[in-house]
Amino acid sequence: MLRSLLALAGALLLCRAEAEGLSAERLGVLFNLDDAVSSQVALYYAAQRAIPRENVIGIHLPDSKVMTPEVFSAIRTRVLDRLPAAVQSLALVWSRPYAVGCMSITSAFAAGYRAAFCQPGCTVTPLNPLFDGDGWLPADTVGWWPAMLLPSADPAVARALIQRGMAADLSAPPGTLYLVRTNDEVRNVRAATYPDVALKLAHRLQIVQISTPIERDIPDVLGYFTGARQVAALPLIHFRAGALADHLTSTGGVLEGGNQMSALSWIAHGATASYGSVSEPCNMLEKFPNLGVLFEHYTHGETALEAYWKSVAMPGQGLFIGDPLARPYAAAPH
């Protein structure tokens, strides 16, 4: 009898967590009315993911990499006026603009533009009220609409990303989380956390710590994290559907014309979600994903958007990119 009651209690807790999590009904999809490819990819995504029609909203955007705060604020106000009350998070289906001033466009849509989120870049910036939290009703609880950019500039890459995200759902994929050490002392700072990450997640994932240079194929990748300006091993990495990957560096969120590898490269090579900074954050760990937090939430059934957003303590400069609804470790519906 006691065992049955405990099982029932566990099932109720799981149902509550899923009920409070991100779903298609709670995701708003924004696209650029001035970009035919953005519109096509957004409608394709909405159809594939069964996003309610009223959640899909077209807006006019400037044709620029970086939007001014004044122009952005007016656009965001109009978007929030049109969002259904159920919407808690956003998918931004375009590739540019990817920044608002020195903030990422995903964080600017989430919290509104405030210079304190990114100026000056190498100091403490406002904290994420969602960091390592439970549930997912951010609009209702803290007035934030966390966003993820679904890049649409290359429609083939966008469709492949969407298909990977859907293939990942409920798959509970086997594979390996790779924690990579480099000789780049400035960008290798996250390596100091690897022993704790391995200890925290060892009961849930296979974890391998490796060092550069990488000279062999890296198979069955569920996660790949490193610190480098460029990731020379990228062609050797074989991602599973639902895999997360990023590199700690200054401008990984600069998707066009940067002198460092952008987060878009991870997506183009098969990752399902990634992260990078659009302005100089210095190597403050709080401005990059905490890998233990990221995979603790991801492997407990949360979406890529939820897990990535909960993993960054100071997200103002960080661009979240990928399929927001990818959810490989969700429990099958009963």
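I take a disulfide to be a pair of cysteine sulfur atoms within 2.5 Å. The model I am reading is a predicted one.

**Entry 1: disulfides**

I searched for disulfides and found 2 in the structure. I looked up Cys102 and Cys118 and found their sulfur atoms 2.0 Å apart, a disulfide. I noted a torsion of about 65° about their S-S bond, so I recorded the link of Cys102 and Cys118 as right-handed. I placed Cys102 in the loop between strand 5 (99-100) and strand 6 (103-104), and Cys118 in the loop between helix 4 (105-111) and helix 5, so this pair ties together parts 16 residues apart in sequence. I then checked burial: Cys102 is buried at a relative accessible area of 15%, and Cys118 is buried at 4%.

I turned to Cys122 and Cys282, which form a disulfide with sulfur atoms 1.8 Å apart. I read 70° about the S-S bond of Cys122 and Cys282, and the link is right-handed. I found Cys122 in the loop between helix 4 and helix 5, and Cys282 in the loop between strand 12 (273-277) and helix 9 (291-298), so the pair ties together parts that are 160 residues apart in sequence. I have Cys122 as partly exposed, at 37% relative accessibility, and Cys282 as partly exposed, at 28%. Counting bonded cysteines along the chain, I get the pattern 1-2, 3-4.

**Entry 2: aromatic pairs**

I located Trp144 in the loop between helix 5 (138-141) and strand 7 (147-149) and Trp309 in helix 10 (residues 304-310), so the pair joins parts 165 residues apart in sequence. I logged Trp144 as buried at 10% relative accessibility and Trp309 as buried at 0%.

I also looked up Phe239 and Trp266: their ring centres are 6.3 Å apart with the planes at 80°, and I count the pair as edge-to-face because that angle is over 60 degrees. I found Phe239 in strand 11 (residues 237-247) and Trp266 in helix 8 (residues 263-268), so this pair ties together parts 27 residues apart in sequence. I recorded Phe239 as buried at 15% relative accessibility, and Trp266 as buried at 0%.

**Entry 3: cluster and charge**

I returned to Trp144 and Trp309 and found them in one aromatic cluster with Phe117, Tyr275, Phe288, Tyr308 and Phe320. I looked for a charge over a ring and noted Arg159 over the face of Tyr44, at 4.0 Å from the ring centre.

Notes:
Residues are numbered from 1 along each chain as its sequence is written. This is a predicted model: local features need pLDDT of at least 70, side-chain atom pairs count only at pLDDT 80 or more; totals for chains, interfaces and linings use all residues. Side-chain values use heavy atoms; hydrogens and water are left out. Helices (H or I, at least four residues) and strands (E, at least two) are DSSP runs, numbered from the N terminus. Buried means under 20% relative accessible area, exposed over 50%, partly exposed in between (1.4 Å probe, protein chains only). Rings of Phe, Tyr and Trp (its six-membered ring) pair if their centres lie within 6.5 Å; planes under 30 degrees apart count as stacked, over 60 as edge-to-face and the rest as tilted. A charge sits over a ring if NZ of Lys or CZ of Arg is within 6 Å of the ring centre and within 35 degrees of the ring normal.
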